[in-house]
Amino acid sequence: MALSNSQYQEIMRGYQAQQLKDKHEQDRRIREVYERLPAVRELDQAVSTCAVLRAKELLNGDKEALKRLREEIGDLREQKRFLLASKGYPADFMEMHYRCPDCEDTGYMADGKKCHCFLQAQIKYLYAQSNLESVLQRENFDTFSYQYFDDQQIEPAVGMTVAGYMRQVYRWCKGFADEFGEKGGNLLFTGATGRGKTFLTNCIAKELIDHYHSVIYLSAHDLFEVFSKYRFESRSEEELKDTYQFILECELLIIDDLGTELNNSFTSSQLFFCMNQRLLASRSTIISTNLSLDRLRDEYTDRVASRIISNYTVIPLYGGDMRLKL
Ligand SMILES: [Zn+2]
């Protein structure tokens, strides 16, 4: 369960590459501005000159030097903002722009703890999710196709064809992803194998990961394995503790294929605990399962079913096995 040294190094190399990219892009933005607005370069030079002069005065015992410096720099910055705006640039255009502003692409927070983006990378390694990216390249909102769904026969449960119904489901899911930052929410996809549950969760996952939300994608089997190791291994490794905590805290937890794992009273109570903790913390969860709500109640207790009924949007999926039509 622990990250190997080479995996750790690979994650850190990713951060170093990202920092170089951030710097490179900042340099490019600065060059662009200096070309279009030479006066900005002069203002930047004036800031440096000013700082050097005032530092000398300060060393010579001039106590007012620092105050003057602040005023002068404030003034120069104001002029710079004004010039940038004149060409439509935002005030922070020449600053560093980070992929993860929380850790400034270092992987670690100011207090020395691993950032959520590091934990996400770590889980990718620990749970063979390194292929997730290529799966998400194939399965996303842009590649979603209705051709595998029947557009002739009316599906009695929804009063329309399965293809028509899937258009609605697509819009719900797209809406869920688009409004995730403001609204959050929880989804339960139910339906037999091959109805598109995993494809739809992948669509949502890709959209959110692209917008830098912290997303964990685990099969129910892997999820319960983490819980079980955390609970029963007396000396849990640091990565395991991190992973456990991140499962409870990440912005979106996707539990794929609930009901296919070996189920017992431990998994039931852990599932309830995890769902409940996440609801209390207003963190979103998506569950996909081939069990009906009644079966979920039988397999995982009333408490789990009642949390789902009151807090989840249940999306049943119909039709034939689309994998057979691929
Ligand atoms: Zn980060």
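The dialogue below turns to one strand and its neighbours.

Tutor: Please note that this is a predicted model, in which local features need pLDDT of at least 70, side-chain atom pairs count only at pLDDT 80 or more, and totals for chains, interfaces and linings use all residues. Residues are numbered from 1 along each chain as its sequence is written.

Student: How many helices and strands does the chain have?

Tutor: Helices (H or I, at least four residues) and strands (E, at least two) are DSSP runs, numbered from the N terminus. Here the chain has 12 helices and 7 strands.

Student: Is strand β6 mostly covered or exposed?

Tutor: A residue is buried if 20 or more other C-beta atoms, placed from the backbone, lie within 10 Å of its own. In β6 (residues 284-289), 6 of 6 residues are buried, whereas 25% of the 326 residues of the chain count as buried.

Student: Which way do the residues of β6 point?

Tutor: In a regular strand the side chains alternate between the two faces of the sheet. In β6, S284, I286 and S288 point one way, while T285, I287 and T289 point the other way.

Student: Which strands pair with β6?

Tutor: Two strands pair if DSSP finds at least two bridges between them. Strand β3 (residues 187-190) pairs with β6 in the parallel sense over 4 bridges, and L187 has I286 as its bridge partner. Strand β5 (residues 252-258) is also parallel to β6, over 5 bridges, with I255 partnered by I287.

Methods
Buried ≥ 20, exposed ≤ 12 C-beta atoms within 10 Å, placed from the backbone.
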